Amino acid sequence: IFNLSPSLEFVLIFQPAGVRVLYSLLWFCVFQPPPARYGGRHTVTLIPGDGIGPELLSHVRELFRFCCVPVDFEVVNVDSTMTSEDDINDAITAIRRNGVALKGNIETNHNLPPSFISRNNLLRTSLDLYANVMHCQSLPGVRTRHRNIDIIIIRENTEGEYSSLEHESVSGVVECLKIITRTNSLRIADYAFRLARERGRRRVTAVHKANIMSLGDGLFLQCCKEVAAGYQDIAFDAMIVDNTTMQLVSKPQQFDVMVMPNLYGNVVSNVCAGLVGGPGLVPGANYGTDYAVFECGTRNTGKSIADGNIANPTAMLLASCLLLDHLRLHAYATMIRRAVIATVTETRLHTADLGGQGSTSDVVQSIMKEIQSTGPLTQNI
Amino acid sequence: MAASSAVLSMSKIIKPIWGGRLATTAKVFGATVSSRREKSTVPPPAKYGGRHTVTLIPGDGIGPELLNHVRELFRFSCVPVDFEVVNVCSATEDDINNAITAIRRNGVALKGRRNTLTMSPPVSLSPSTTLDLYANVMHCKSLPGVQTRHNNIDIMIIRENTEGEYSSLEHESVSGVVECLKIITRTNSLRIAEYAFKLAREKGRKRVTAVHKANIMKLGDGLFLQCCREVAAGYPDIAFDAMIVDNTTMQLVSKPQQFDVMVMPNLYGNVVSNVCAGLVGGPGLVPGANYGRDYAVFETATRNTGKSIADRNIANPTAMLLASCMMLDHLKLHDYATMIRNAVLTTMNETQLHTADIGGQGTTSEVVQAIMRNIQSKGPLTSEL
């Protein structure tokens with residue numbers, strides 16, 4: 001599924017670090033997984049986060065151990081109640097070291113002072129994970145109001161409304177800055193078109209509000225148009241965000257690949273997640289030039305259902321499959337993904353968010369049985 | 001409060017005697033005297049012979065044809081409203097200023113949508129901000145005759161209409177880097193929250209939900225949320241909760257029945273109102289109203305120009321007709337409003353008359369004719385069909 005061009009991969013794999021840095025500066029570089037270390041085992045940073053994160057990630061570890069996946073997890077805990085940035089800086093260093101991470105969502109307390117930046121946001125901006133990719137697909141076993149949805153949402157992940165630049169110049173008047181830059185817009189547009197080409201997609205839609213924010217979103221739109229000119233085989237169109245959301249709830253099948261700035265991406269990706277069955281089903285990936293972090297697509301902490309064994313593990317497990325694909329462990333990725341989709345088709349194993357009564361551990365056990373039955377070498381259940 | 005009501009009653013006496021000439025003076029005087037915590041908007045008093053004058057701004061796209069139908073229907077139903085048509089064809093500021101002056105004069109307007117993508121003046125000069133129409137109210141209700149994926153939706157969306165992301169304050173300080181300013185002020189947030197709770201109380205609603213993104217925009221949306229909480233404390237009979245905008249949109253597409261009244265800043269309001277409009281059947285069905293302290297402007301909720309379907313007789317007139325009913329309610333012409341609204345909703349039940357946007361093949365004129373027949377059959381005095 002994530003077939004990056006193999007020819008370029010061979011060229012880059014045996015080059016010294018300096019040249020690799022040079023390549024990463026060019027926009028058309030493809031992502032290189034960090035090379036496997038001792039004994040062919042990869043080390044991946046694991047950030048449990050809050051809410052349902054820890055329990056779901058322990059299920060992922062259990063499953064990986066069961067399937068004998070050559071991945072070791074380096075666990076870094078980030079305490080969301082602490083105001084010091086040491087925890088998150090440790091996590092960022094660990095990700096820089098390992099190159100790849102799997103994380104749960106870290107809660108952001110509203111009552112803390114405004115100087116406290118959201119930990120998730122800090123992670124994304126420090127590592128320059130500029131592309132958030134979310135693939136919303138109707139799963140066969142899940143009954144939803146809309147069918148045959150297959151949308152890839154590419155969302156700019158570092159700037160836009162999430163710059164955390166706000167000030168209160170006059171008492172009672174707050175100014176929030178939304179930053180749009182040419183470099184980042186070109187970068188995300190290029191990423192979107194490249195991904196569309198790799199996956200064989202026909203159409204890219206840019207979502208904007210340039211009639212109101214003519215300079216900001218106008219710049220974004222212009223960058224998308226410039227990049228589109230270089231990809232003649234892919235159709236490009238633009239749609240205003242309010243019309244987009246309305247079309248999404250009436251006729252979501254018309255969309256193929258969508259690219260947009262940060263805030264619209266947040267809203268649109270949540271709408272699409274709701275359309276295909278909810279936050280428990282869709283994985284998300286954050287890609288940068290050197291790092292990749294995988295998580296649940298809609299970034300929920302799930303505080304209210306934490307430790308209740310009722311959370312839906314599908315999103316996190318599919319995110320771990322994206323992780324394995326990124327590490328080029330395609331066989332393991334396909335095996336686990338197939339088992340997860342087969343289990344989701346079983347209606348009696350649906351968790352509460354899909355309208356069933358299954359528990360998280362039931363679902364994971366069933367996935368493990370499914371994997372064992374298809375024959376590869378596994379440990380005992 | 002007594003002073004302002006005295007002023008207004010004075011203006012009621014002055015206006016019919018002096019025609020419209022002292023209207024502006026009375027309004028200005030009224031504006032300075034009345035307090036910020038305003039009472040419910042008083043409609044402009046009827047002028048000669050009890051007939052109201054309403055500004056009509058046709059706009060572009062499907063606006064002109066739909067507003068023609070509204071005029072036709074009003075003439076047919078003998079509604080005591082005269083329309084003063086102000087065309088905003090070119091995108092210059094003069095036309096818009098003329099329109100704004102006309103709305104100031106008449107107090108009420110019905111408008112179509114102007115095409116904003118082509119070199120238009122900034123939003124800060126639009127009627128909404130100049131006339132301080134601070135509340136955009138949209139009532140999304142599942143109509144019985146329209147088949148949608150969700151049933152029993154009844155959501156009121158109150159959206160701050162003047163500030164937020166729509167301040168049109170942008171600049172390119174460094175080449176290739178654009179900064180857009182989103183302004184949130186305490187006064188406006190308190191005002192819109194107060195409006196939301198007052199409206200919820202008037203309509204007997206139980207719950208108000210504030211939609212925000214305060215985990216990211218702590219100061220801005222944090223201020224908005226805090227203002228909502230302060231106002232909520234003064235309305236203990238109405239439950240108040242807050243929800244982050246991404247979770248809100250996800251809940252809207254899975255379980256929209258849980259929402260009652262929603263209040264939010266400008267951009268989230270835009271997105272959420274469009275999602276809700278899509279849920280109840282599309283942009284052709286939902287009317288919207290922009291209220292200020294002194295003026296009110298009515299239009300279709302989702303503000304589409306409908307360029308591609310203009311002049312083809314396939315647009316859905318329901319939204320514009322329901323908007324005109326809201327206008328009649330605002331002018332306290334409740335009988336006419338109820339009559340037209342009932343006729344429109346009855347016609348909606350007829351599936352063979354559905355227009356293309358809700359899956360039928362009817363034309364606009366057929367729908368309007370059916371509505372007129374419906375009104376005639378009910379018995380009140382009407383002109384000839």
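The paragraphs below walk through a predicted model, from one chain to the interface and then to two single residues. Residues are numbered from 1 along each chain as its sequence is written, and chains are lettered from A in the order in which they are written. Local features need pLDDT of at least 70 and side-chain atom pairs count only at pLDDT 80 or more, while totals for chains, interfaces and linings use all residues; side-chain values use heavy atoms, with hydrogens and water left out.

Let's start with chain B. Chain B holds 12 helices and 12 strands, taken as DSSP runs (helices H or I, at least four residues; strands E, at least two) and numbered from the N terminus. Of its 385 residues, 58% count as buried, that is, under 20% relative accessible area with a 1.4 Å probe and protein chains only. Contacts here are heavy atoms within 4.5 Å. Among those in chain B between residues at least 6 apart in sequence, 74% join residues at least 24 apart.

Now to where the chains meet. On chain A, 53 residues are in contact with 54 residues of chain B. The area buried between the two chains is about 4600 Å², and carbon and sulfur atoms give 67% of this; buried area is the accessible area (1.4 Å probe) that two parts lose on being put together, summed over both. A:Arg145, A:Ile212 and A:Met246 supply 15% of the area that chain A buries against chain B, more than any other three residues. Elements of chain A that each supply at least two residues to this side include strand S6 (166-170), strand S7 (173-181) and helix H7 (216-229).

A:Asp256 sits in the loop between H8 and strand S10 (257-260) of chain A, and A:Asp256 is buried because its relative accessible area is 14%. Leaving aside residues up to four places away in sequence, A:Asp256 touches A:Asp150, A:Ile151, A:Ile152, A:Arg201, A:Arg202 and A:Arg203. A polar atom of the A:Asp256 side chain lies 3.0 Å from the backbone nitrogen of A:Arg202.

In chain B, B:Ser126 is found in the loop between strand S3 (108-111) and helix H5 (127-130). B:Ser126 counts as buried because its relative accessibility is 10%. From B:Ser126 to B:Ala310 there are 184 residues in sequence and 23 Å in space, C-alpha to C-alpha.

Technical notes. Buried < 20%, exposed > 50% of the residue type's maximum accessible area, 1.4 Å probe, protein only. Polar contact = N/O pair within 3.5 Å; in protein donor to acceptor, adjacent residues only side chain to side chain.
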